Amino acid sequence: MRDKCGIVGIYSSDQSMDIAPHIYYGLFALQHRGQEAAGISAHNGEEISTYRGMGLVCDVFNNGEIKGLEGNVGIGHVRYSTTGKSKLKNAQPFTSEFQGGRIAIAHNGDIINSMELRRDLENRGHEFRSTTDSEVISHLLSSEYAKSMDMVKSIEMVAEKLLGSYSLVVLLNNDLYVVRDPVGIKPLALGEKNGLKMVASESVAFDAVGADYVRDVEPGEILLLNDKIYSQKMEIAKNTPRAHCMFEYVYFARPDSILDGKNVYNVRLNIGRELHNEFPVEADVVMPVPDSAITAAIGYSRESGLPYGEGLIKNRYVGRTFIMPTQEEREMSVKLKMNPIKSELEGKSIVLVDDSIVRGTTSKALIDVLKEAGVKEVHLRVGCPPIISPCYYGIAMASKKELVAANKSVEEIKNSLGVASLGYLSIDSLKKCIGLDEEKLCMGCLNGKYPTELPKNLEEYESCRC
């Protein structure tokens, strides 16, 4: 399972200001969204400078590279791979030259018809340096802009060809354009600070630089950020239903973020409360799988009256276990990542709160760790309904045959995990916790109903998502 990316774009009205350090701090706040690669592009009034590298933000920019990125406008990106392998050539921002100057682009999302679009571009003579769908968007935008010399019009033309999810920051010479797909699957927010205008995948990036959250970028909205903010709605977005990714609220976003007007921390507290209301149980203590389930566990504890405790200590220098390429590595990473506190666990009946179960193998390894530490019994509560279908919009989950809930009943999962009881949050409760109707949420991985068309060549598409 792979995850999303994070993007930042900043324009400063102070022409003498170098905004690359601000982009750096914004990306640092979004590091949870991508740990494979990072990059920044900035325009100094004459040209775009770009630096990209593999690894964490602090590792990529550790030898003064940030000083070479001068200019008052720029974009940044942190990456997890969805379409395109984890290699430097696939790191972003992507840059390309054309008759009107130079363009840089950073993308969060997944274009599910990218293979078809890529073949068409190659047949027309376009050469690709990477294997990502983000470069496909870059070529499409450059091609359309060369015809019209109007970026807003070019973005609308390209949007009509794209199937999937995308939040984009586009640097065209010294103009910063911002785009959110018509469905609004990926989050994108707008902030300001004393003449500095900023967009980011999550509002926590604003906090890192002292900017104020203003609002979310609307689905289908195109922004031009300079001394003023110019906004235009795509024509195709006017009758397009909304579908915000439910998994952002459940798991992926930082709990201190605001997504589409919803406080993520409050959503996760609600999830914990509803888990207790749906699946109460007698136990000694409520414990989270850190870190993403901590808030839900607090909510369960408050609603149930059971004490909250810590039984697992997380090694924060180990990456997210679901991004490990092999099962053996995933199981080993669980032991490296989660160490039990035997004195808090031995002989106790615990309610263990987790955010989600995908394959179930990592959960099994974690349950085994708890049992080895002397836990009497584990009552597992899951803050996401059963995941029964793959995601095609940027969370490259396992294929359907690997999704445990697609192939086993809840009772069978309970038995295979070796827990005393198992409760998944219901879809109705999830909608209630988020505060959005089903028509405004993407829940394709939960119910198999996707908000866009799916590619006809699903097998070929899935084979490239690695």
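**Salt bridges, cysteines, strands and cavities**

Modeller: Glutamate 438 has a relative accessible area of 28% and is therefore partly exposed. Please bear in mind that the model is predicted.

Colleague: With which residue does glutamate 438 form a salt bridge?

Modeller: The cut-off between nitrogen and carboxyl oxygen is 4 Å. For glutamate 438 the closest N and O atoms are 3.1 Å apart. The partner is buried, with a relative accessible area of 17%, and is lysine 431.

Colleague: Is arginine 118 buried or exposed?

Modeller: Arginine 118 forms a salt bridge with glutamate 122, at 3.4 Å from N to O. The two residues lie four apart in helix 3 (residues 114-123), about one turn of the helix. Glutamate 122 is partly exposed at 38%. Arginine 118 has a relative accessible area of 16%, and the limit is under 20%, so arginine 118 is buried.

Colleague: What is the N to O distance in the salt bridge of arginine 215 and glutamate 221?

Modeller: Arginine 215 is partly exposed, with a relative accessibility of 27%. Glutamate 221 is buried, at 4%. Their side chains meet in a salt bridge with an N to O distance of 2.9 Å.

Colleague: How many disulfides does the count give?

Modeller: A disulfide requires two cysteine sulfur atoms within 2.5 Å. The sulfur of cysteine 445 is 5.9 Å from the closest cysteine sulfur, in cysteine 384, and is therefore too far for a bond. For cysteine 433 the closest cysteine sulfur, also in cysteine 384, is 11 Å away, again too far for a bond. By this rule, the number of disulfides is zero.

Colleague: What is the relative accessibility of cysteine 433?

Modeller: Cysteine 433 counts as buried because the value falls under 20%. The relative accessibility of cysteine 433 is 4%.

Colleague: Which residue in strand 12 is the bridge partner of tyrosine 177?

Modeller: Strand 8 (residues 175-180) is mostly covered, with five of its six residues buried. Four bridges join strand 8 to strand 12 (residues 221-225), and the two run antiparallel. In strand 12, tyrosine 177 has as its bridge partner leucine 224.

Colleague: Which residue in the turn between strand 7 and strand 8 has a positive phi?

Modeller: Strand 7 (residues 164-172) and strand 8 run antiparallel and are joined by six bridges. Leucine 168 stands opposite valine 179 in strand 8. The two strands form a hairpin with two residues between them, and the turn residue with a positive phi, about 55 degrees, is asparagine 173.

Colleague: What is the volume of the largest cavity?

Modeller: A search of the whole structure gives seven cavities of 30 Å³ or more. The largest cavity has a volume of about 90 Å³.

Colleague: Which elements give two or more residues to the lining of the largest cavity?

Modeller: The lining has 15 residues, and those closest to the centre of the cavity are Cys245, Cys391, Cys442, Gly444 and Cys445. The lining divides into 14 nonpolar residues, one polar and no charged. The elements that give two or more residues are helix 7 (246-252) and helix 16 (444-447).

Note on methods: Residues numbered from 1 in each chain as written. Predicted model: local features only at pLDDT ≥ 70, side-chain atom pairs only at ≥ 80, totals over all residues. Heavy atoms only, no water. 1 Å grid on protein atoms, 1.4 Å probe; cavity = no way out; pocket = protein on both sides within 12 Å on 5 of 7 lines; lining within 4 Å. Points joined across faces, edges and corners; volume = space filled by probe spheres on them. Nonpolar A, V, L, I, M, F, W, Y, C, P; charged D, E, K, R; others polar. Buried < 20%, exposed > 50% of the residue type's maximum accessible area, 1.4 Å probe, protein only. Pairing = 2+ DSSP bridges.
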